[in-house]
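The sequence and the model are shown below.

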Amino acid sequence: MKTKFFSVLAVAGAMFLASCGGGVSEETKKAVAAADSSMKAMMTEVDALSAEVTTALDGCNKCCSNSDSVAASIKPEWKGKCDSAMMDCKAAKTSFEDLANKINTAKSEWAADTTWSAFMTKVSSGKINDADAKKELDAFNAKGTAASASVTEWKAAMTAAGDQCKNGETAWNNFTTWCAENDKGGKKK
């Protein structure tokens with residue numbers, strides 16, 4: 001009889017401790033694991049976008065450099081037409097630079113923020129109760145939602161800058177064709 005009493009008391013005590021201080025429910029652990037997985041996937045996506053922006057910016061830098069060297073050697077009366085042809089290309093370069101800065105700044109801030117890893121340690125070691133873990137997880141999920149919105153914004157900016165770059169390339173090709181025609185005494189526009 002005493003054994004049954006002590007067994008019931010031990011079970012009740014364990015339930016009390018689990019509800020008061022130590023331990024996170026399996027449901028919360030799964031939610032934390034899902035959030036961790038989502039964050040890692042987002043970071044992979046951000047790294048890929050960052051590489052894409054860097055490649056585009058490198059292309060813009062080469063293109064603008066070539067355009068600048070041509071612009072330096074054209075007839076003075078063609079300068080306005082040349083500047084106009086380079087306008088979209090230069091604007092795209094500025095957009096890519098701005099985007100690269102935003103992404104790199106965010107990546108640095110995210111890398112410096114150790115609160116997520118500290119939270120994961122508390123969850124895995126049972127040094128946080130379930131209710132507090134859920135509150136902290138909600139706060140991290142809100143940060144994740146904001147970060148995801150930034151990624152969506154960056155992708156839209158990348159697309160817009162890419163379109164502007166293509167427009168600039170077309171304008172520049174049209175200008176160089178015009179220059180070739182006018183240098184040979186061909187048709188004038």
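## Helix packing in a predicted model

Ser67 belongs to helix H2. The coordinates come from a predicted model. With a relative accessibility of 3%, Ser67 is classed as buried. Apart from neighbours within four places in sequence, Ser67 makes contact with Met86 and Trp172.

The average pLDDT is 86, and 86% of the residues reach at least 70. Residues 1–20 score below 50, and this stretch has 3 contacts in the model beyond near neighbours in sequence.

Helix H2, which spans residues 26–73, also contains Asp36. The relative accessible area of Asp36 is 15%; the cut-off for burial is under 20%, so Asp36 counts as buried. Its side chain forms a polar contact of 2.9 Å with that of Trp116. When residues up to four places away in sequence are set aside, Asp36 touches Trp116 and Met120.

After H4 comes Gly126, with a positive phi near 75°.

The largest nonpolar core comprises 17 residues, and Val53, Phe96, Ile103 and Trp154 have the most contacts inside it. At least two residues of this core are supplied by each of H2, helix H3 (79–112) and helix H5 (130–183). Leaving out residues up to four places away in sequence, the contacts of Phe96 are Val53, Ala56, Leu57, Cys60, Met158, Ala161, Gly162 and Cys165.

The loop between helix H1 (2–20) and H2 holds Gly23. How far apart are Gly23 and Asn129 in sequence and in space? They are separated by 106 residues in sequence, while their C-alpha atoms are 5.2 Å apart.

| Residue | Relative accessible area | Class |
|---|---|---|
| Ser67 | 3% | buried |
| Asp36 | 15% | buried |
| Gly23 | 25% | partly exposed |

Terms used. Residues are numbered from 1 along each chain as its sequence is written. This is a predicted model: local features need pLDDT of at least 70, side-chain atom pairs count only at pLDDT 80 or more; totals for chains, interfaces and linings use all residues. Side-chain values use heavy atoms; hydrogens and water are left out. Helices (H or I, at least four residues) and strands (E, at least two) are DSSP runs, numbered from the N terminus. Buried means under 20% relative accessible area, exposed over 50%, partly exposed in between (1.4 Å probe, protein chains only). A polar contact is a pair of N or O atoms within 3.5 Å; within protein, one must be able to donate a hydrogen and the other to accept it, and residues adjacent in sequence count only if both atoms are side-chain atoms. Contact means heavy atoms within 4.5 Å. A nonpolar core is a set of buried Ala, Val, Leu, Ile, Met, Phe, Trp, Tyr and Cys residues joined through side-chain atoms within 4.5 Å. pLDDT is the predictor's confidence in each residue, from 0 to 100.
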